[in-house]
Structure formats: structure tokens, C-alpha cells
Amino acid sequence: MPGTEGKKPSPEEIALVRARTKEMFVNGGLEHYSQVDINKLQQDEVVELFWLHTYWLSGDQVDETVDMIEKTFRWRKEFGVNEIRRESLSQKIMETGAMSVREETDKAGYKILVMCVRKYFKNKDDVEDMKKCMVSFLEDLRKEIISQEITLVFDCNGAGLKNIDMDVIKFLISLFQNYYPRMLGKILIYDLPWILNPVFVIIKAMLPAPAAKMMMTVNKATVGEHLSDLTWIA
């Protein structure tokens, strides 16, 4: 049965999750997972993140947590997450400023990940490189604090349909939904042009229920309710 939002697992539940995942890794073939990731499960905080992320799913919370850990670790191995290095990323994409992290936190204490929509232009040749850049940013955000939560800001000022790549957006949603537990704290859609309204209606419909509740549209008059430093936003 589903769990309770915000309720952490007991020591017994943590031990059960560890035992079940260990069994699943062996049965699935240890070559499909990175030992670096498996070792992280010795941290109670890591198990807690997966547990807290799966509370709303319909199955037994232990089963849902084990399943998410297995799928996450398998994906990390297949995608080569632990091998991604900043110097190997596409400099063309990095230099556009389409994605960036602010030094300050927002008023809730979350780190701020900015998607400057007008700076990204859909190009099928860049999709895989953009995905690696996204993963690299998320990895860096959780490098120092494993439980770091973020506010995702879509800065839509000056953006149009030419800047929207649904494949990239779907991938970003899947990262937070399936592979980076308890990371997304808030989604701010800033200065949304009317022409992009239907796009973000579709995006909201794609989000799982907990994430959909986090999504809100803000403008110059209201963004200050969430962000302390407004000098950078268009």
C-alpha cells in the first residue's frame, strides 16, 4: 500500500530494502550496475531519498523503493553517469547558457537550476549532448549534499516554439521522476508567452502528481515570492 508523505523509513525498513536490493542486483547480474552506486546504499540517507520519493505509488512501499533503486542503478550504468566529466561535455551547448546553476539558494533554501528557454534551439544532432549536460548538472548539484533539493526555473522570457524540444523536456521530467529521487522541490515557469501556454499545459499533464503540485507560473510581480536575487532574471 502507498506510504505517508514525508514519513521516513524505520531502521528495519531500511535494512529490508538493502537486503532486497542486494538480492535483486545478484539476480539481475552485477555487471549491469556500478559498484560505486551500490556502495552508496550503505548510507541511510540514500535509502531514505528513494523511500520518500515513492510514497505516492500504488504498490507496497518497500517493493516500490526496491524497484526504483534497481531501475535507477541499471540506468546509471547504461547511461554511463559515473563516467561523465565536465570537460567532455559539448562546449557548444554549455556556452549557450541554456542551462545554469545559480550560486544562491531560493527562499525555501533550494538550489536554483535555470533553463533559459530562449537560448536553446531544437537540433536533433544536439539532443544526446544536451541530455549528458543535464545529467552532469544534476550530479554536480548533489555532489556535496546528497539530499540537495532544487527549484527548477524555466525562464521563458523571449522564448518561442523554435526553442521547445519535447524530447529534451521529456528526458528532464524522466530524470526527476525516475532517477533522481526527492530532488525536485519546486518548478517555476517565469514570464510564459501566450504562444507557449499549450506546451506547458501538456508538460504539466506529463508530470506525476507530486511534481504537478510543485509547478507554478510566475511573472515579474510574483517571482520575488520565491527568489531573493532577481538581478539575473530577464
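Here are a few friendly questions and answers on a helix pair and a cavity in this predicted model.

Residues are numbered from 1 along each chain as its sequence is written, and side-chain values use heavy atoms, without hydrogens and water. Local features need pLDDT of at least 70 and side-chain atom pairs pLDDT 80 or more, while totals for chains, interfaces and linings use all residues.

Q: Are α6 and α7 roughly parallel or roughly antiparallel to each other?
A: Helices here are DSSP runs (H or I, at least four residues), numbered from the N terminus. α6 (residues 127–141) and α7 (residues 166–179) pack at about 30°, with axes 10 Å apart; axes are lines fitted to C-alpha atoms over the stretch in contact, and angles run from 0 to 180 degrees between N-to-C directions. Angles under 35 degrees count as roughly parallel and over 145 as roughly antiparallel. The pair is therefore roughly parallel.

Q: Which residues of α7 make the contact with α6?
A: Contact means heavy atoms within 4.5 Å. From α6 come V127, M130, K131, M134, V135 and L138, and they meet V168, F171, L172, L175 and F176 of α7.

Q: What is the volume of the largest cavity?
A: A cavity is a set of points on a 1 Å grid over the protein atoms alone where a 1.4 Å probe fits but cannot get out. The volume is the space filled by probe spheres set on the points. For the largest cavity this comes to about 150 Å³.

Q: Which element gives the most to the lining of the largest cavity?
A: The lining has 15 residues, each with an atom within 4 Å of a point. β2 (111–116), α6 and α7 each give two or more. The most, three residues, come from α7.

Methods: Parallel < 35°, antiparallel > 145°, perpendicular 65-115°, else oblique. 1 Å grid on protein atoms, 1.4 Å probe; cavity = no way out; pocket = protein on both sides within 12 Å on 5 of 7 lines; lining within 4 Å.
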